Amino acid sequence: MRIIFQYINRMFPKTVFRRLLIGWYEKHQRDLPWRRTGDPYRIWIAEIMLQQTRVAAVIPFYERFLERFPSVEKLARTPEEQVLAAWAGLGYYSRARNLHKAAKQIVERGGFPSTYDGIRSLAGVGDYTAAAIASIAFGLPYAVVDGNVIRVVSRLDNEAATRARIEARAQELLDPKRPSLFNQAMMELGATVCLPRDPLCLLCPVQSSCEARRRGTQNELPVRSGRKATKRLKRLLLVVEKGGRLLMGQASRPKGFWELPEAGQLPAAVLGSVAGEFRHSITHHDYRISVARAQVRGGPPGFTWIPLKKIDLHPVTTATRKALACLTEKESSRKA
DNA sequence: TACCCGTGGCA
DNA sequence: TTGCCAAGGGT
């Protein structure tokens, strides 16, 4: 039996690989809200949210977003600030700006594009996302290349290949009859079995096709480039409340977001004691953020009083949302 | 091309 | 606690 398998594997390696991979995926796939809808709009939203973001983090944002923007027309005619507010907390806000821009492009063009080039030309859609939408929503034979696929292919071939080489190999391996299942299976394999460190080779459906597994080099591939050092910084955010309104300013980043004032911005403020502290990291910066209540006279220039009840209508930075949350938590536990 | 962009979970 | 890393795109 084993000998027969080895023979078939040698004669038809791609066929064997596809069957094993897709067979495994059909048993292990997760039930995702955008799957099987076949709706390009939903798949597009999901794919943009999934860029550099885990499935588990995306799901609640996806549900809320679809409820808020059930159609591309609705999304296109909503002011950008409200789209950003719905995206607040997910990160990489240029995705939301590009999504909004692309929604307008889609409406102008009279509907969602159904070719790879048409999809690829949308704002915020690169090679990966275009292939994902083309294959999952339209069944077109384009192989996706994301971080998972790079890892899986590097190990299958046991080589530190260039991007172009990986793309060519992924396209070669792709099952042209089932591109949607194949692409999702490759990514799911990378996410759950072919892990960056200590992959679960014993559970891998395609271990018989894997050269790194054969040579025991799976932990050395793919080669990772060095990372930039993280800076550690401290900030003190102030919660200044007056008559049910909160003093807020424009954050320097992300552009268009609101944020609590920082101690240094309100030199005349009277500070209370530090009410909370938390960690918040943003690309190469690791912040230790303290929160304190404070009082000011009048309305400091450059700041705005925003009614607490309307705060969800504005895009607010995550640091500020965490600060408000830890203050609320502290005060409600004190009452209890 | 290398770097920037947010966030949360995990070891 | 700290560092790593994820369904990338734009510049």
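Trainee: Which residues of helix 6 (residues 80-87) are buried?
Mentor: This is a predicted model, where local features need pLDDT of at least 70, side-chain atom pairs count only at pLDDT 80 or more, and totals for chains, interfaces and linings use all residues. Residues are numbered from 1 along each chain as its sequence is written, and chains are lettered from A and ligands numbered from 1 in the order in which they are written. Helices (H or I, at least four residues) and strands (E, at least two) are DSSP runs, numbered from the N terminus; a residue is buried with 20 or more other C-beta atoms, placed from the backbone, within 10 Å of its own, exposed with 12 or fewer, and partly exposed in between. In helix 6 the buried residues are V83, L84, A85 and W87.

Trainee: What covers the buried residues of helix 6?
Mentor: Contact here means C-beta atoms, placed from the backbone, within 7 Å. The cover includes helix 5 (72-76) and helix 7 (94-108).

Trainee: Which residue just after helix 6 takes a positive phi?
Mentor: The phi is about 110 degrees. The residue is G89.

Trainee: Is Q105 buried or partly exposed?
Mentor: Q105 lies in helix 7. Leaving out residues up to four places away in sequence, Q105 touches L122 and A123. Because Q105 has 18 C-beta neighbours inside 10 Å, it counts as partly exposed.

Trainee: Why does Y41 count as buried?
Mentor: Y41 belongs to helix 3 (residues 40-49). Beyond its neighbours within four places in sequence, Y41 is in contact with S71, V72 and F112. Y41 is buried because of the count within 10 Å: 21 other C-beta atoms.

Trainee: How many Å separate the C-alpha atoms of Y41 and I106?
Mentor: Along the chain, Y41 and I106 are 65 residues apart. Their C-alpha separation is 9.9 Å.

Trainee: What separates the C-alpha atoms of Q105 and S273?
Mentor: Q105 and S273 are 168 residues apart along the chain. Between their C-alpha atoms there are 50 Å.

Trainee: How many Å separate the centres of domain 1 and domain 2?
Mentor: Domain bounds come from an automatic or database domain assignment. The centres are taken over C-alpha atoms. The separation is 37 Å.

Trainee: How many residues does the contact take from each domain?
Mentor: Domain 1 gives 6 residues. Domain 2 gives 9 residues.

Trainee: Which helix supplies the largest share of the surface near DNA strand C?
Mentor: Helix 9 (127-138), helix 10 (147-157) and helix 12 (179-192) each supply at least two residues. The largest share, 5 residues, comes from helix 12.

Notes
Contact = placed C-beta atoms within 7 Å.
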